[in-house]
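User: I would like to learn how to read the features of a structure like this one. Could you take me through it step by step?

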Amino acid sequence: MAGIFAYESSEVDWCEDNYQHSENVVEYFNTMSSFVFFMVSPVMLYLLHPYARERNLAVHLVWFMMIFVGLFSMYFHMTLSFVGQMLDELSILWVLAVGYSLWFPRRYFPSFVKDRSSFSKMVLLITVVSTLSSFVKPTANAYALNFFALHILYSLGLELRSCTDQRVRRLACTSIGLWVLAISCWISDRFGCSFWQKLNFCYMHSIWHILIVVATAYGSTLIAYLDAYNEIPYSLPHLQYWPSDSWVVGLPYIVLKGTSKTQKSC
Ligand SMILES: CCCCCCCC/C=C\CCCCCCCC(=O)N[C@@H](CO)[C@H](O)/C=C/CCCCCCCCCCCCC
Ligand SMILES: [Ca+2]
Ligand SMILES: [Zn+2]
């Protein structure tokens with residue numbers, strides 16, 4: 001039993017050299033870069049509050065749980081333990097489950113699902129079964145999780161087919177661009193380690209941490225915007241960037257310009 005908590009008891013070992021900067025931290029930069037979860041999550045909780053208050057306070061669960069994803073990611077890279085790996089992967093699975101329950105467009109619900117509450121129960125059941133199955137072949141979990149990103153991109157493509165709003169399209173392009181960069185880093189750390197070792201630059205997984213958090217901030221705001229547009233159109237949702245709309249870098253958020261039932265804008 002103690003073995004599953006032991007340092008390096010996970011079958012996964014990322015490209016970064018182990019114990020390079022501390023004898024207690026296996027992968028120093030991968031551990032430290034997980035700090036970005038703690039920086040972005042509180043800002044997103046703050047920025048999404050007006051939308052969450054109007055739509056459903058459960059929206060806050062996504063970024064609240066992302067703080068735990070960051071915590072478990074730090075623990076995993078610090079120890080490379082089996083428990084760390086499972087906590088890291090299962091916390092991502094449960095964030096995805098909450099995201100799907102809240103935001104999956106109701107027009108794509110399977111025909112036997114009558115409302116969002118039944119859909120959430122179905123997602124809960126699938127997530128519990130997936131949690132149990134994840135112990136069967138733990139090395140396959142990360143690949144399975146990445147397939148959800150493909151499904152999210154596919155669903156976004158369907159949603160955006162008829163949208164001509166330039167702000168929405170720009171956010172979609174940035175989200176997808178960030179995700180492509182992030183997943184390229186993840187794959188190249190996994191499969192191109194000998195190349196990065198020759199360059200003496202084994203930090204692709206650390207860069208993935210930063211990019212995937214920002215991609216999630218962009219992607220989840222886009223999904224939340226489309227949800228607001230469909231589910232609470234009277235609130236007249238608009239996209240803005242924090243700290244300033246005119247800055248090149250910033251985090252997107254939703255401003256609700258209407259409070260009573262008025263017409264749609266996109
Ligand atoms: C309609 C559905 C809406 C759902 C929206 C929910 C969005 C948030 C979901 C997940 C957050 C991703 C957090 C990533 C944490 C990374 C921690 C990590 O690095 N773990 C690795 C080990 O250290 C592990 O190998 C990684 C496994 C792969 C995780 C893949 C997660 C899928 C990411 C989905 C991101 C959506 C971006 C949307 C872009 C348009
Ligand atoms: Ca390593
Ligand atoms: Zn990681």
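Analyst: We will go from the overall fold to the ligand shell, the core and a few backbone details. Please keep in mind that this is a predicted model.

User: Let's begin with the fold. How many helices and strands does the protein have?

Analyst: There are 10 helices and two strands. Read from the N terminus, the order is α-α-α-α-α-α-α-α-α-α-β-β.

User: What do the overall dimensions tell me about the protein?

Analyst: A compact globule of 266 residues would have a radius of gyration near 18 Å, and the protein has 19 Å, so the two agree. Along the principal axes, the C-alpha atoms fill a box of roughly 60 × 45 × 30 Å. Buried residues account for 34% of the 266. Of the contacts between residues at least 6 apart in sequence, 67% join residues at least 24 apart.

User: Which residues does UniProt list under "transmembrane region"?

Analyst: The unreviewed UniProt entry lists seven stretches: 28–48, 57–78, 90–106, 118–136, 142–158, 170–187 and 207–226. Residues 207–226 are 100% helix and 0% strand, with end C-alpha atoms 28 Å apart. Over residues 90–106 the chain is 82% helix and 0% strand, and the end C-alpha atoms are 25 Å apart.

User: Now the ligand. Which residues are closest to ligand 1?

Analyst: The shell around ligand 1 holds 30 residues, and the closest are Gly-99, Ala-142, Ala-149, Ser-175 and Gly-219. Two or more shell residues come from each of helix 4 (60–79), helix 5 (82–103), helix 7 (141–160), helix 8 (166–191) and helix 10 (204–231). Helix 7 gives the largest share, nine residues. By type, the shell divides into 20 nonpolar residues, nine polar and one charged.

User: Helix 7 also contains Ser-155. Why does Ser-155 count as partly exposed?

Analyst: The idea is to count C-beta atoms around a residue: 20 or more within 10 Å make it buried, and 12 or fewer make it exposed. Ser-155 has 17 other C-beta atoms within 10 Å, so it is partly exposed. Its C-alpha atom is separated by 32 Å from that of Thr-31, which is 124 residues away along the chain.

User: How should I read a nonpolar core, and which residues touch the most other members here?

Analyst: In soluble globular proteins, nonpolar side chains tend to be buried together. In this model, the largest nonpolar core has 52 residues, and Leu-48, Ala-182, Leu-211, Ala-215, Ala-224 and Tyr-225 touch the most other members. Elements that give two or more residues to this core include helix 2 (36–47), helix 3 (49–55) and strand 2 (251–256). The largest share, 16 residues, is from helix 10.

User: Which residues does UniProt list under "binding site"?

Analyst: The unreviewed entry lists Asp-13, Trp-14, Glu-16, Asn-18 and Glu-27. Asp-13 is in the segment before helix 1 (28–33), and it is exposed, with 12 other C-beta atoms within 10 Å. Asn-18 is also found in the segment before helix 1, and counts as partly exposed with 13 C-beta neighbours inside 10 Å. Beyond its neighbours within four places in sequence, Asn-18 is in contact with Val-26 and Glu-27.

User: Finally, what should I look for in the backbone?

Analyst: Most residues other than glycine have a negative phi, and most peptide bonds are trans. Tyr-19 has a positive phi, near 55 degrees, and is partly exposed. Leu-80, in the loop between helix 4 and helix 5, has a positive phi near 50 degrees; with 22 C-beta neighbours inside 10 Å, Leu-80 counts as buried. A cis peptide bond joins Trp-242 and Pro-243, with omega about 10 degrees. Pro-243 is in the loop between strand 1 (237–242) and strand 2.

Key:
Residues are numbered from 1 along each chain as its sequence is written. Chains are lettered from A and ligands numbered from 1 in the order in which they are written. This is a predicted model: local features need pLDDT of at least 70, side-chain atom pairs count only at pLDDT 80 or more; totals for chains, interfaces and linings use all residues. UniProt positions are given in the numbering used here, feature names are shortened, and annotations may be inferred rather than shown by experiment. Helices (H or I, at least four residues) and strands (E, at least two) are DSSP runs, numbered from the N terminus. A residue is near a molecule or strand if its C-beta atom, placed from the backbone, lies within 6 Å of it. Ala, Val, Leu, Ile, Met, Phe, Trp, Tyr, Cys and Pro count as nonpolar, Asp, Glu, Lys and Arg as charged, and the others, Gly among them, as polar. The radius of gyration is taken over C-alpha atoms; the globule rule is 2.2 Å times the number of residues to the power 0.38. Two residues are in contact if their C-beta atoms, placed from the backbone, lie within 7 Å. A nonpolar core is a set of buried Ala, Val, Leu, Ile, Met, Phe, Trp, Tyr and Cys residues joined through C-beta atoms within 7 Å.
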